[in-house]
Amino acid sequence: MMDGGELVFVEVKLRRSAGFGGPVEAVTPGKQRRLRLAAGQYLSEKRPSCEGVRFDVIGVLAPGGGRPRITHVREAFF
């Protein structure tokens, strides 16, 4: 997505419970590495016009029957 002149790659994680950790914590260093590689390939192929790039994470904790709790972490990793 674009946020002003900045290109933002967004990873969305959903968890039904925090029993194994929250949704944001699910974006492990290995997942971050794969996202960076995919973003690099996208940038080299598409060559978008942008002022900068960032990685955000959206975490959704949605327990059964409960109201979802959404967390947005800007610049979650580099």
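Tutor: Strands here are DSSP runs of E, at least two residues long, numbered from the N terminus. The model is predicted.

Student: In which strand is the place of Glu75?

Tutor: β4 covers residues 69-77 and stands at an edge of the sheet. The place of Glu75 is in strand β4.

Student: What is the order of the strands in the open sheet?

Tutor: The sheet has four strands with mixed pairing. β1 (2-3) and β4 (69-77) have a single partner strand each, so one side of each lacks a neighbour in the sheet. The order is β1-β2-β3-β4.

Student: How many bridges join strand β2 to strand β3?

Tutor: Strands of a sheet pair through backbone hydrogen bonds, either parallel or antiparallel. β2 (residues 6-15) and β3 (residues 52-61) run parallel. Val8, for one, has Arg54 in β3 as its bridge partner. The number of bridges joining β2 to β3 is 10.

Student: At about what angle does helix α1 run to β2?

Tutor: Helix α1 comprises residues 29-46 and lies across β2, β3 and β4. Its angle to β2 is about 145°.

Student: Is Arg47 buried or exposed?

Tutor: Arg47 sits in the loop between α1 and β3 and has a positive phi of about 45° although it is not a glycine. Exposed requires a relative accessible area over 50%. The value for Arg47 is 67%, so Arg47 is exposed.

Student: What is the relative accessibility of Glu75?

Tutor: Most residues other than glycine have a negative phi. Glu75 has a positive phi, near 50°. Glu75 counts as partly exposed, with a relative accessibility of 40%.

Conventions:
Residues numbered from 1 in each chain as written. Predicted model: local features only at pLDDT ≥ 70, side-chain atom pairs only at ≥ 80, totals over all residues. Heavy atoms only, no water. Pairing = 2+ DSSP bridges. Contact = heavy atoms within 4.5 Å. Axes fitted to C-alpha atoms, helices over the stretch in contact; angles between N-to-C directions. Buried < 20%, exposed > 50% of the residue type's maximum accessible area, 1.4 Å probe, protein only.
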